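This report walks through strand pairing, nonpolar cores and disulfides. Keep the coordinates open while reading.

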Amino acid sequence: TTSTLSFTATRFENGGSLTCEVTNDVMMSRSEAPMRDNIKVEVLYPPIVTVYPENITVNESMNITILCHYEANPSSLRVIKWLRNGNVVKNPATSAGNPEDVDGLDGTVFTVKNATRHHHGIYTCMLENEVGLSTSSNEANVSVYYKPIVNLTINPPRAVSELEHQNITLLCEVSSGYPDTLLAVRWYLDGEMLKELPECGLSNTTLCDIDPSKLLLEEVERRFHGNYSCAGMNEAGWGPISPATPVIVYYPPGEASLVYWPNQVRKKGSVTLMCSVKDEGRPPGPIYRWTRGGHLIQDVTSANWTIDPVTLETESNFTCVAENAGGQSVPATVAFKVLAPPNFIDRPHPYFGARWNDQYINLTCRVECSPLCTISWSKNGRPIDKAMNNRYDIREVVERANPTANIFESVRSTLIWNMAAWPGNQLDRMSDNANYSCHSSGNIVGSGVNSTTTFGVEYPPENVTVTNKVVNVTENNIPPRVLCSAKAFPEASYNWSREGDPEVIRGNALILNFPLQRHKGGNYVCTAYNKHGSNTQTTFFNVLYKPECGITQSEMGGKVVLICTATANPAEVDFTWKVKNENETIEENVNKVGLQSFLTLETRVENVRTYLCYANNSVGSSIPCERDVTGNIGWWHRFENENLMILLAVIAGTILMVIIICIIIIIVCRRKRAADKCPNPSATKDKSDLNSSPSDALLQTDPDNKAFYENLPFHG
């Protein structure tokens, strides 16, 4: 008989015994013990792994030991591995390079010597036997505490002004460390410990719960300025001090002081204003704000301000303020008086003239001076005292300063001629010419000034003369120059012009530097003038030229007369008559009247002759003029060529008019008579004749009626 037992074996059956008992009825009847047989059960299974302790807390540099406990069949292990945070731990060094030893029973003890923060993590154990691979069913949580490394931050993260009375919060933040909660913080200013938070003790427990990583600076002042740092403590202990972080507190400069140099400020000089403060404040190196008369000067920000040149505008109140990002200092103000040495604002011109008969004459000078000065006058170096000399009056006025023109207060003095006290109420052209001077006194910053003007008695041009009143010049020759002069003051200016010609030649010398033609002769006028008037003188240019002639023909007493007319300068002309191609000179029947010569011709001369006329004066002889003459002259030859042409035109025009009139009369008569000679057929014929043509009626005329033919314009 066979009996089979089947079951699922687990690790719990390993090492147990199974007993098989066999009995039957015979044995039972005999009360015999059953037959039995034992067998030991061996179950192979992979390792069942656990690690302990499950929680380990150490500080850096301490040792760590973790045990890996397992059950397995077979118990011999092929592989032992330790894992941190799921990653196999390298042996003999970690990825960070810290040595780790794996030791213990069968390598199931994990030991870390001098633990660091890098050993912090979750550890598990992995074992493998010939059945399989298993990982520990639990974990070992290793916490490695290390001291905190902290950084200091500031809020607000900028410089603040003392005048703002602002709060600043300092925060000590953990950048690395475990645990990252700070149990205490020490605060330092410029390397010296201010305090340690929390301030918790037996006598004061109210501040034990505050956050030690925050430090509040209330209403920050300049004394809070500096480099702050902190050190934090956690369960691992005190960490190092953080790098210093500056807290910048700005504050304004101290009270300003203002001085200037030199002590005596002069116009057109220079003055330097110097502003200073004992404490420049923070940030250092302030700029300086300047005001003049309450107006801000935009382009000056330095401690020293040099004004060059000094003007009237400089005489004012000056204020300086030192300013930085923290604010402004207490201002400083200074005012000074600007002095002006005597200086002419208006001075007489080097020359001053008046017309000899002017009734109001004066000279004025104006002197700027601060403090004020006095003005006096002199003539040719001798002082003018109006109390002793009634010919002059002196008036003086003090004028206010003019900042716009940069003119300080000044004195204006006017010297007035009292013409009623002068002989004849007028000036003498010679004796009253003089030098007049205006003098000022000095003041504390300068000596007096003086100015001299030359006074002249002026009058218009007089006694205008020319070097030649008549200039004789032959045509096409260059005439000599003519000079014009006059007596005048101021000195006269001159110009020349030809009568009727707008062209003007400037200067007192008339120079016609070209061959002169007869049409350029005539009167040339010299005009001398100055600002008081003008005067003139005339020069006549007499252009001499040889005669030019022409012959006309006329009839006197029934005889033909040839008239030779000449133009010439000079007009003293002699005439000579000749017949062309004959050498003889005609001397008979010749008469001269002025610039004409009359030649009476003989009537017996029948041939055509050409007569020549020569005109001669002191310049030369003319080109001969000629005239053709016939002996027996027909009536038509008696006319001049132009007159003959006119006569012929009149005759031709008359004949043409007669012909036109005749034609018009003939046409009118023909039409009228034709109408009268044609009878009406209805009145002269029977009705039976009405069948005849009109042309038949016209052809059947009365042979006894001769008037028809007689009234025709022609007969045939």
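Strands E15 and E16 run antiparallel and are joined by 5 bridges. E16 covers residues 192-197. The model is predicted, and what follows describes that model. Within this pairing, Trp187 has Lys195 of E16 as its bridge partner. The two strands form a hairpin, with 2 residues between them. Asp190 sits in the turn and has a positive phi of about 50°.

E15 also pairs with strand E18, residues 226-234. That pairing is antiparallel too and runs over 6 bridges. Ala184 is bridged to Met233 of E18. How much of E15 is buried? Of its 6 residues, spanning 184-189, 5 are buried. Strands of a sheet pair through backbone hydrogen bonds, either parallel or antiparallel.

**Nonpolar cores**

The largest nonpolar core has 25 residues. Which of them touch the most other members? They are Trp377, Leu415, Trp417, Leu427, Tyr436 and Phe455. Several strands supply at least two residues each to this core: E33 (362-370), E34 (375-379), E36, E37, E38 (434-440) and E39 (450-466). E33 gives the largest share, with 4 residues. In soluble globular proteins, nonpolar side chains tend to be buried together.

Phe455 shows the surroundings of one core member. Leaving aside neighbours within four places in sequence, Phe455 is in contact with Phe352, Gly353, Ala354, Ile361, Trp417, Leu427, Asp432, Asn433, Ala434 and Tyr436. Among these contacts, Trp417, Leu427 and Tyr436 are also on the list of core residues that touch the most other members.

**A buried loop serine**

Ser329 belongs to the loop between strand E29 (327-328) and strand E30 (332-335). Is Ser329 buried or exposed? Its relative accessibility is 6%, so Ser329 counts as buried, since the cut-off for buried is under 20%. Not counting residues up to four places away in sequence, Ser329 touches Pro253, Gly254, Ala256, Val277, Val321 and Ala322.

**Disulfides**

How many disulfides does a search of the whole structure find? There are 9.

| Pair | S to S distance | Torsion about the S-S bond |
|---|---|---|
| Cys200 and Cys208 | 1.6 Å | about 70° |
| Cys275 and Cys320 | 2.0 Å | about 75° |
| Cys484 and Cys526 | 2.0 Å | -95° |

The Cys200 and Cys208 link is right-handed. Both ends are partly exposed: Cys200 has a relative accessible area of 44%, and Cys208 has 25%.

The Cys275 and Cys320 disulfide is right-handed as well. This pair links distant parts of the chain, 45 residues apart. Cys275 lies in strand E24 (residues 271-277), and Cys320 lies in strand E28 (residues 317-324). Both cysteines are buried.

The Cys484 and Cys526 link is left-handed. Cys484 is in strand E41 (residues 482-489) and Cys526 is in strand E45 (residues 522-530), so the pair ties together parts that are 42 residues apart in sequence. Cys484 is buried, with a relative accessible area of 2%. Cys526 is buried at 0% relative accessibility.

Cys662 is partly exposed, with a relative accessible area of 40%. Cys669 also counts as partly exposed, at 31% relative accessibility.

Definitions and conventions: Residues are numbered from 1 along each chain as its sequence is written. This is a predicted model: local features need pLDDT of at least 70, side-chain atom pairs count only at pLDDT 80 or more; totals for chains, interfaces and linings use all residues. Side-chain values use heavy atoms; hydrogens and water are left out. Buried means under 20% relative accessible area, exposed over 50%, partly exposed in between (1.4 Å probe, protein chains only). Two strands pair if DSSP finds at least two bridges between them. Contact means heavy atoms within 4.5 Å. A nonpolar core is a set of buried Ala, Val, Leu, Ile, Met, Phe, Trp, Tyr and Cys residues joined through side-chain atoms within 4.5 Å. A disulfide is a pair of cysteine sulfur atoms within 2.5 Å.
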